[in-house]
Amino acid sequence: MQIGEVAERTGLSLRTIRYYEEVGLVVPSARSQGGFRLYNEPDVARLLLIMRMKPLGFQLDEMRELLAILDATPGDQVPDPEARLREFAGIAEQRCDELRSRLRNAEEFAGTLRSRLDDVARRGS
């Protein structure tokens, strides 16, 4: 599929997909005769994985390292992949906890605003 279809399927902009290619996070599987980028399902899955890393605050070098570990085959030279995966999993869990806390605070604030609106509406009636 071409980059436009990938953008529609992932919700990423064309610019973001091109940037991820430029920094080496995802590479199109092929190019058309006209030079258009062509992607397959594993490429889309990789972009979706990158999208899941982004809100957790993973930096580009961390993403590259994690993707290399996840892509590794038995003969690859990845130093202690289990330990690094465990470390990345711990980081992801910690950041998820932080996001949950921020979400709770945001929901409480939104609730406060709803209450105030209700109060204003009752007084205005």
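A crossing of two helices is called right-handed if the near helix is turned clockwise from the far one by less than a right angle. The legends below describe close-up views of a predicted model.

**View 1. Helix H1 against helix H3.** Helix H1, residues 3-10, passes H3 in a right-handed crossing. Their axes lie 11 Å apart and form an angle of about 45 degrees. On the H1 side the contact is made by Val-6, Arg-9 and Thr-10, and on the H3 side by Glu-41, Val-44, Leu-47, Leu-48 and Met-51. By class, these residues of the contact of H1 with H3 comprise five nonpolar, one polar and two charged.

**View 2. Helix H3 against helix H4.** H3 covers residues 41-53 and H4 covers residues 60-71; the two pack at an angle of about 135 degrees, with 11 Å between their axes. H3 is therefore oblique to H4. The crossing in which H3 passes H4 is right-handed. From H3, the residues Arg-46, Leu-49, Ile-50 and Met-53 meet Met-63, Leu-66, Leu-67, Leu-70 and Asp-71 of H4. Seven nonpolar and two charged residues, with no polar ones, make up the contact of H3 with H4.

View 3. Glu-65 is a residue of helix H4. Its relative accessibility is 30%, so Glu-65 counts as partly exposed; this class lies between the buried limit of 20% and the exposed limit of 50%. Apart from its neighbours within four places in sequence, Glu-65 is in contact with Arg-84 and Phe-88. Leu-25 is 40 residues from Glu-65 in sequence, while their C-alpha atoms are 9.7 Å apart in space.

**View 4. Helix H5 and its buried residues.** Helix H5 runs over residues 81-124, a total of 44 residues. At 1.5 Å a residue, H5 should span 64 Å, and the distance of 63 Å between its end C-alpha atoms agrees with this expectation. Phe-88, Ala-92 and Gly-111 are buried in H5. The buried residues of this helix pack against H4.

Conventions:
Residues are numbered from 1 along each chain as its sequence is written. This is a predicted model: local features need pLDDT of at least 70, side-chain atom pairs count only at pLDDT 80 or more; totals for chains, interfaces and linings use all residues. Side-chain values use heavy atoms; hydrogens and water are left out. Axes are lines fitted to C-alpha atoms, for helices over the stretch in contact, and angles run from 0 to 180 degrees between N-to-C directions. Helices (H or I, at least four residues) and strands (E, at least two) are DSSP runs, numbered from the N terminus. Angles under 35 degrees count as roughly parallel, over 145 as roughly antiparallel, 65 to 115 as roughly perpendicular and the rest as oblique. Contact means heavy atoms within 4.5 Å. Ala, Val, Leu, Ile, Met, Phe, Trp, Tyr, Cys and Pro count as nonpolar, Asp, Glu, Lys and Arg as charged, and the others, Gly among them, as polar. The expected span of a helix is 1.5 Å times one less than its number of residues. Buried means under 20% relative accessible area, exposed over 50%, partly exposed in between (1.4 Å probe, protein chains only).
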